[in-house]
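Please look over the structure shown here before reading on, and keep it in view while you work through the points that follow.

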Amino acid sequence: MQNSRRQLTAHIPTVFSLPMRNQDILSRDNTQWMQGVSAIGIMLMHYVMMLESYPRAFNIIGSIGVAVFLFVSGFGINESYKSAGLKGYWRKRVLRVAVPYWMVLIFKMPFNEGFDPVTCLLNFTLIDSELWFVCFIVRLYAVYWLARKFMPKHTTKILAVFGVACVFMEQLVAEQAFSFFAGYMASEHYDKIRQWGKAKVAKIAACAFAYGTLFTVLKEFQFVRQYIGTLPFNIVLLNIKLPLAAAIIAAPYLMPQLRKLKAIGWMGKVSYEIYIVHYNFMPYITGLASIAKFTAISIAISAVFNKVNLRLKDSRQTLAALAAAAYAIICYTLACKYVMRVTDSFGYVCLAYALVLGLLFLFVSGGRINDDTRAKPVFWLALCALAVMMLAVQYHFDPEENLVDRWSAIANPLTALFNGEFPYLAETHLGGNASPFPVWMVFHIPFWALGNVGLSEIFTAILFILSVRRLLGCGAGIKATLLLGASINLWYETAVRSDLISNFLLLAAFVNLLLAKGVTFSTRPFLLSALAGLWLSTRLSTAFPLFIMFLPHWLKLPSAKKAATVLIVMAVFCATFAPLAVWDADSLFCAENNPFSLQSRQGRPADTVIMAVAAVVMALGWKGDVRKAIFFSAVALILLPVTAYGHNMYIYSNWTEIFNSKYDITYLDATLPFLITVMAWTSPRMEPNSSKRS
């Protein structure tokens, strides 16, 4: 915004541009103070209500806070419309409301006692949720958008009718039926309201408070309480919450000294995060000490969460923030899987880890790491430290004792090959079968000769980080090193000498080097087609990032070249298997656990169709923004196991077995190199080195 005095952070913390001065009744400072008081009230009310001696009268504090939030939201959204119309309406709300809410749901899932797919779907689609307020405010946003979009002259009537309809709904909604509408009306008539003096504001607030108090007393009479859950009782509640909220709305205007309580104003900035975070700790409240502890934890998480969410709202950093969210969720999920096996306090450990990842992202995206004279030595020092630590971790564990056989699925077939035996007949150290394709096994020959195929992880990690440096500079290389080193997934893969992450570290390095050199499928179609065939002969899933990167350029080729490039990919891929097919075609193609069946066993035909459609949509959607192409590559690699596992869970109704060895969630590790590249590429203004040279 050009003028910071024209900003207002509403309850769903979207920044609205407002024509007001700081001393106006609904100025930014005042509304943030209101939200801060309300956030504290709601959080404490929810925590106190978990105590056995919970005083029922405490309920009203939280309800008043909700009324304030809705009022400010209605006011802010209409002021935003008056300033900028509906431009970016849903983008702002999805990034600022839905995405943080979805993240909280995902982080909470390991702590759920059971898993109901229907409940999960209702939560994620915001149709029904324990966080009822988020569902309600999204419905209000939808009604407002529909009214402004299709019947702007009748917006007031439509919102009023929706408010009436809310009176007939559940109690929590009914008692707030007109809070949002009141804020909207305040915006519609703000030119008059801002002219009110303090005396008039005080009189209106006092009358409203007295009115609400009268109905509060009325509500306590037995002849009224017998109607709890009915429409008459809802109407009584409707006359309580918003009128009482008038006192909080007027307070910072009538007593400006209240704004000197900076902590309350700051709480207003993170009010949405406090709401969606604190609710998850309610089951753990056991006494006053736990209230203090979880209040502090909620505020700490909300502070970091808010900073990340502000990155989401900033169009220059939205992509990096989305990548950071996916990165944190993937790392957190793997941490939960293994930490819960060693301690009952895994929740604290994993949440602390997620908090550290959030702080790390804020650090690398905050402009503190730049390409200056210090960057080069720091980069090489960090890279060497990472390599040494990976070596130490890898050689600390005896590979023969590992319960993961990806390393021996490469080492044992190579041993068999050099002993003159057909490689795909060799068993792993756990009695399994080999699935790596020929090019991937050939790539590992040097490491096998050194006695440790797991060294490929260290080699590819170094190559990947060097590719980021080559593409974006030393500063980005330092960021990539920190982010890769902070991932528990890397250390798990290193400890068990898995080749999975190596495959995609190498693929991401390949993509980065193409971008650094300015090579596209349009400029070198035949060479890249041949290389694509070789990549497919490492792992079939490498097809998705390559498809997303190459398809837009392939579509621009003449028809003859299009056909030729497809034939080259197929021919090179088949050629890598030709010697093995001549050697023992039956074992290669017909064995029950042949490499093709092992690489595709998790998926079903329907999954392939879904992935193909998603890949086409993403390939056509990046439109010249290579950061988006890299991000979409990560999304495709996330969808691959999620779609396959989700389909299997649906068929077999074993939703609670996500942390069971039956579902290998380490396949998500394939996305990390691409997510880290996007996170290191923190701003669209950061140009690739190829662009700088040109």
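Helix 24, which covers residues 474-486, has 13 residues and reaches 18 Å from its first C-alpha to its last, close to the 18 Å expected at 1.5 Å a residue (the expected span being 1.5 Å times one less than the number of residues). Helices here are DSSP runs of H or I with at least four residues, numbered from the N terminus. This is a predicted model, in which local features need pLDDT of at least 70 and side-chain atom pairs count only at pLDDT 80 or more, while totals for chains, interfaces and linings use all residues. Residues are numbered from 1 along each chain as its sequence is written, and side-chain values use heavy atoms, with hydrogens and water left out.

**Cover of helix 24**
- Helix 24 is mostly covered, since 10 of its 13 residues are buried (under 20% relative accessible area, with exposed meaning over 50% and partly exposed in between, for a 1.4 Å probe and protein chains only).
- Among the buried residues of helix 24 are C474, G475, K479 and L484.

**A buried serine**
- S529 has its place in helix 27, residues 525-536, and is buried with a relative accessible area of 0%.
- Leaving aside residues up to four places away in sequence, S529 touches F521, T565, I568 and V569, where contact means heavy atoms within 4.5 Å.

**A partly exposed threonine**
- T415 lies in helix 20, residues 408-418, and is partly exposed, with a relative accessible area of 32%.
- The C-alpha atoms of T415 and F632 are separated by 38 Å, and these residues are 217 residues apart along the chain.

Terms used: Helices (H or I, at least four residues) and strands (E, at least two) are DSSP runs, numbered from the N terminus.
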